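Please read this briefing alongside the sequence and the 3D view shown below. It begins with the chain as a whole and then moves to individual strands and residues.

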Amino acid sequence: MESLIQFANGVYQGETHKDKIPHGKGVYFWESGEFYFGMWKNGSPKGSGLFFDSFGGFIRSKFSNTKAEGLSKAFLANGEVYAGRFKDGISVGKWMKFNPEENRTISGIVRDGEVEIKDFDLVSESKNFKFIFSQGYPQTASLPWWLGEF
């Protein structure tokens with residue numbers, strides 16, 4: 001069943017259960033300008049999807065319990081591209097980031113929540129990266145549902 005549902009913080013359009021709970025393919029638009037397009041299960045993003053922030057960036061991932069899971073790619077508004085693994089919405093393990101201004105790719109690893117850069121001449125870049133991806137998701141976006149507050 002296809003539905004258009006108004007919520008307190010946005011609107012959902014897509015497939016639903018007969019009781020109008022998002023389930024299947026759909027899109028949710030937040031009043032803030034962010035939106036998610038992808039698969040839903042019992043009212044939450046679950047499965048493959050795209051989340052677009054209000055600054056012009058987006059992340060392509062699989063989602064579980066509203067959080068990024070597995071290999072994901074984030075395309076930031078400034079042109080940077082990040083690829084890495086996520087678990088429960090947090091970046092874990094190896095990652096790579098491409099900076100188009102420098103035409104350079106850097107890589108590293110996340111251990112115990114700390115980012116380690118393999119290319120040590122970019123230490124200041126490390127601080128920028130940690131800010132942008134604090135706790136595994138882009139901080140340039142307001143992501144209340146990502147934290148389970150949907």
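**The chain as a whole**

Among contacts in the protein chain between residues at least 6 apart in sequence, 18% join residues that are at least 24 apart. The model is a predicted one, and its protein chain holds one helix and 11 strands. Read from the N terminus, the elements run β-β-β-β-β-β-β-β-β-β-β-α.

- Of the 150 residues in the protein chain, 39% are buried.

- Strand β1, covering residues 2-7, and strand β2, covering residues 10-16, run antiparallel and are joined by six bridges.
- These two strands, β1 and β2, form a hairpin that has two residues between them, and within the pairing Leu 4 has Gln 13 in β2 as its bridge partner.
- Strand β2 also pairs with β3 in the antiparallel sense, over six bridges, and here Val 11 stands opposite Phe 29 in β3.
- The hairpin of β2 and β3 has five residues between the strands, and in this hairpin Lys 20 takes a positive phi near 65°.

**Trp 40 and its surroundings**

- Trp 40 is found in strand β4, which spans residues 35-41, and it counts as buried because its relative accessible area is 3%, where the limit for buried is under 20%.
- The side chain of Trp 40 reaches the backbone oxygen of Gly 26 at 3.3 Å.
- Trp 40 and Glu 15 are 25 residues apart in sequence, while their C-alpha atoms are 8.5 Å apart in space.

**Aromatic pairs and the aromatic cluster**

- The count of aromatic pairs, taken with ring centres within 6.5 Å, comes to 13.
- In the pair of Tyr 28 and Trp 40, the ring centres are 6.2 Å apart and the planes stand at 35°, so the pair is tilted.
- This pair links distant parts of the chain, since Tyr 28 lies in strand β3 (residues 22-30) and Trp 40 in strand β4, with 12 residues from one to the other.
- Tyr 28 has a relative accessibility of 1% and therefore counts as buried.
- Phe 52 and Phe 58 form a stacked aromatic pair, with 5.1 Å from centre to centre and 25° between the planes.
- One aromatic cluster is formed by Phe 7, Tyr 12, Tyr 28, Trp 30, Tyr 36, Trp 40, Phe 51 and Phe 63.

**The largest nonpolar core**

- The largest nonpolar core has 17 residues, and those that touch the most other members are Tyr 36, Phe 51, Ile 59, Phe 63 and Trp 95.
- Two or more residues of this core come from each of the elements β3, β4, β6 (58-64), β7 (67-75), β8 (81-87) and β10 (104-111).

**Ser 61 in strand β6**

- Ser 61 lies in strand β6 and is buried, its relative accessible area being 5%.
- The side chains of Ser 61 and Ser 72 are joined by a polar contact of 2.6 Å.
- When its neighbours within four places in sequence are left aside, Ser 61 is in contact with Gly 47, Ser 48, Gly 49, Ala 68, Glu 69 and Ser 72.

**Ala 83 in strand β8**

- Ala 83 has its place in strand β8 and is partly exposed, with a relative accessible area of 24%.
- Ala 83 and Lys 94 are 11 residues apart along the chain, and 8.8 Å separates their C-alpha atoms.
- Setting aside its neighbours within four places in sequence, Ala 83 is in contact with Ser 72, Lys 73, Trp 95 and Met 96; of these, Ser 72 is also a contact of Ser 61, and Trp 95 is one of the residues named above for touching the most other members of the largest nonpolar core.

Note on methods. Residues are numbered from 1 along each chain as its sequence is written. This is a predicted model: local features need pLDDT of at least 70, side-chain atom pairs count only at pLDDT 80 or more; totals for chains, interfaces and linings use all residues. Side-chain values use heavy atoms; hydrogens and water are left out. Helices (H or I, at least four residues) and strands (E, at least two) are DSSP runs, numbered from the N terminus. Buried means under 20% relative accessible area, exposed over 50%, partly exposed in between (1.4 Å probe, protein chains only). A polar contact is a pair of N or O atoms within 3.5 Å; within protein, one must be able to donate a hydrogen and the other to accept it, and residues adjacent in sequence count only if both atoms are side-chain atoms. Rings of Phe, Tyr and Trp (its six-membered ring) pair if their centres lie within 6.5 Å; planes under 30 degrees apart count as stacked, over 60 as edge-to-face and the rest as tilted. A nonpolar core is a set of buried Ala, Val, Leu, Ile, Met, Phe, Trp, Tyr and Cys residues joined through side-chain atoms within 4.5 Å. Two strands pair if DSSP finds at least two bridges between them. Contact means heavy atoms within 4.5 Å.
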